[in-house]
Amino acid sequence: MTEHTEASVRADVRAWLEANWNPEFGLVEWRNMLIDSGWGVPSWPKAWFGRELPMALEMVVDEEMQRIGAVGVAKTGIRRLAAATLLVHGTDAQKQRFLRRSLTGEDTWCQLFSEPGSGSDLAGAMTRAEFKGNRWVINGQKVWTTSAHHADFGLLLARTDWDRPKHQGLSYFVLDIHQPGVTVQPLRQMNGHASFNQVFFTDADVPPENLVGEVGRGWAVATTTLMHERRGADGISRWGRPTEGKGRVYDEERAETATVMEPYKWYPQRAGRVDLIVQRARETGRFEDPVVRQEIAKLLCLSKSAEWTARRARAAQMQGRPQGPEGSLGKLISSHVARAAARVHTLISGADAMLSGEDGAMDGLIAEILVSVPAGSIAGGTDEIQRNIISERVLGMPKEPRTDNDRPFRDVPKNLVV
Amino acid sequence: MQFSFTAEQEEFRSVLRRFLEEKSPPTVVRRLMQTEAGWDRAAWRDLNGQLGLSAVHIPEAYGGQGFGPVELGIVLEEMGRALLCAPYFASTVLAATAILQAGTEAQKRDWLPDIAGGETIATLAFTEPNGRWDTAGIATTASATGGGFRLNGTKSFVLDGHTADLIVVLARRPGSADDDGLSLFTVSGDAPGLSRRALKVIDPTRKLARLEFHDVEASLLGEAGAAAAPFARTMVLAAVGLANEMVGGAERLRQSALDYANLRVQFGRAIASFQSMKHKQADMLVDVELAKSAAYAAASAAADGDADLPALASLAKATASEAYLQTAIHTIQIHGGIGFTWDNDTHLWFKRAKSSEVFLGDATYHREMMMRAWTE
């Protein structure tokens, strides 16, 4: 086996890009070429469009792609999670059927995990999957589903066994969204947006070949999906930013990104918009107020330290070293930053902090921050759960006492679901 | 800016940690803190003889090891962790930095080798009883007489000021104000006209002294009237050093709190199993890691000669001021009643956290300094 070096990889991919890249290709056409060359997902197995390159060399490919301004494979939305999950747990037939089209962007995916009765307690899912005749029949409800309104497929976590303990009665499926048994409804938020959906299943159909992993082993598959979701959330990746340039392929990528990112357009406000703080303080004349300056300074100390902590974690990861505790703190820290930012924006805005829309500061942007920040400490793992995870997995403290893990799931107290 | 340490730096750290665990366990800290000097000649010789620590950041041309702010930060972090009782910060951080920043070539060659070797204990006398950390607080005067200068005034909060062999003093030309007319001087610890006494302090591991100058003969260090800029740079580098020392102590406390929670049983189980304890520990980890990131970033910026350094130094000091003390408060709390006793070691670090919170300027002061550096 030839050992790749940074120089050889760089030379090879550069040569291939120079010979093949053309911004006038159609997006799907270009991506198929990229996939077939092995440069689209270079860290993937050779059997599945990859070159088995380590992460450090994958970054070299990324640099070369950026250098020439080439568009990459589809990485936005849940596609990335679907691809990563199927790569690990899928059958060859599933990989054959789903991987390429998720990389080209032809298929869109959504994640069907959370339910009204199971959020933090994800493994308490109660959407029912019953094997009848020779098909799986799905009944139940999922919530907080991004992109379901334009998705083709969903990654579905459902319960197949009520007599086994909780984690052992779950199975994982690929669900075709486009069928009469699946109804998608937008979910309105306190900040006025409806970025997520409720998804209702009434005798929805899943063919047996869409079961991922074994019956009753769905939790392990879901764990893979969640692990990849967590990895993308450190705030350093370029996810969600289309490549800049003129040409057909860029136009199509921009359109794809816009569609995917549409539900997230308020996320910067959810994060607190620390970038606006000094400007807002200056334009309101509050910058000279010593109390406001101190609060701004506290926020900037927190926000810069948070950024450096994420970089320390990333540096350890890049060097292939085991991550220290700094790698697990990102989500909890960013929640603190957002809350502090909301407080400081309020201090700066004064009475105007009561107004919204065109009457509000910055055409309602400040108001959007104030009513969006509460989501930050909840979505994607609450602060309380983060603290449990940090104390248990990073600090090795005793796990919470459990009463739900080792008896039949049907005997565990649950929320009433209508 | 580097976001990780090199293998050599990590190796250096672990050698140092083992050395300090052996040389500065809490029993030694308790013994030395009760002496008036607060440190021990034999131990000081070991520190310098075996590891050359006083020489770490001093350039090789002046008898030093020629390492930079990152290595110095590692040394200070480990010393903070061990609560080392030694005049290291006074001599090699404050005084040596002032000499490096302000001194002429000849003066650096005169003073630094003995500081680097540990033969001379030096300190920097800049603050006065008014407690200000900026140059507006300097009232001590330096009058030109004959071929030299005479100093009159009072310095306070001088680190190891009562035992130092050499004192670097910041004073002003009579009639000048703020950054104008400032000069640095060197004065011998036993100079006629200089009276010194150790102050009573909350933190016995960090001795402070009051120095009264009555017509004390002093030698000019560097250029007359031009000390404001080198002094400012010294304060910036000292803040970086102190922030790194503080995160070493904070991390030590955090770990001790975790160890105690895992050991202590109440209601039939380790108190570590209660969620309030788990969540508090997670919060402490966040506080300490954020403070470390800031301290390391500041040291790295100092090593790079980053134009942003003054802002980052103040950011690191402000963050450390709050994190170290808050961690100390949590650690006492987690220990319960026993954490409040003299015999438990927590108060030793708590008191260092308390004095460091304020030394070189508290969080409020440094946040304002940071805002000015960044936005003006």
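Phe173(A) stands opposite Leu211(A) in strand E8 of chain A, a pairing found in a predicted model. The partner strand here, E5(A), and E8 (residues 211-212) of chain A run antiparallel to each other over 2 bridges; strands count as paired if DSSP finds at least two bridges between them. Helices (H or I, at least four residues) and strands (E, at least two) are DSSP runs, numbered from the N terminus.

A quick note on reading the labels: residues are numbered from 1 along each chain as its sequence is written, while chains are lettered from A and ligands numbered from 1 in the order in which they are written. In this predicted model, local features need pLDDT of at least 70 and side-chain atom pairs count only at pLDDT 80 or more, whereas totals for chains, interfaces and linings use all residues.

**Strands and a helix in chain A**
- Ala158(A) sits opposite Ser171(A) in E5(A).
- Helix H4 (residues 79-89) of chain A is largely enclosed by the rest of the structure, because 8 of its 11 residues are buried.
- Among the buried residues of H4(A) are Arg79(A), Arg80(A), Leu86(A) and His89(A).

**Where chains A and B meet**
- Chain A brings 30 residues to the contact and chain B brings 27 residues; two residues are in contact if their C-beta atoms, placed from the backbone, lie within 7 Å.
- On the chain A side, helices H10 (290-318), H11 (330-349) and H13 (383-394) each supply at least two residues.
- H10(A) gives the largest share of that side, 14 residues.
- By class, the chain A side has 16 nonpolar, 6 polar and 8 charged residues (Ala, Val, Leu, Ile, Met, Phe, Trp, Tyr, Cys and Pro count as nonpolar, Asp, Glu, Lys and Arg as charged, and the others, Gly among them, as polar).

**Domains of chain B**
- Chain B is assigned domain 1 (123-225) and domain 2 (229-375), with bounds from an automatic or database domain assignment.
- The C-alpha centres of these two domains of chain B are 30 Å apart.
- Contacts between them involve 10 residues of domain 1 of chain B and 10 residues of domain 2 of chain B.
- The domain 1 side of that contact holds 6 nonpolar, 2 polar and 2 charged residues.

**Nonpolar cores**
- The largest nonpolar core has 164 residues, and Phe185(B) and Ala243(B) are among those that touch the most other members; such a core is a set of buried Ala, Val, Leu, Ile, Met, Phe, Trp, Tyr and Cys residues joined through C-beta atoms within 7 Å.
- Leaving out residues up to four places away in sequence, Phe185(B) touches residues including Phe149(B), Val169(B) and Leu220(B).
- A second, separate core of 60 residues includes Leu27(A) and Trp219(A).

**A closer look at Arg197(B)**
- Arg197(B) belongs to strand E6 (residues 194-198) of chain B.
- Arg197(B) counts as exposed because it has 11 C-beta neighbours inside 10 Å.
- Not counting residues up to four places away in sequence, Arg197(B) touches His162(B), Ala209(B) and Arg210(B).

**Confidence**
- The average pLDDT of chain B is 97, and 100% of the residues score at least 70; pLDDT is the predictor's confidence in each residue, from 0 to 100.
- For the complex, the predictor gives an ipTM of 0.94 and a pTM of 0.92.

Terms used. Buried ≥ 20, exposed ≤ 12 C-beta atoms within 10 Å, placed from the backbone.
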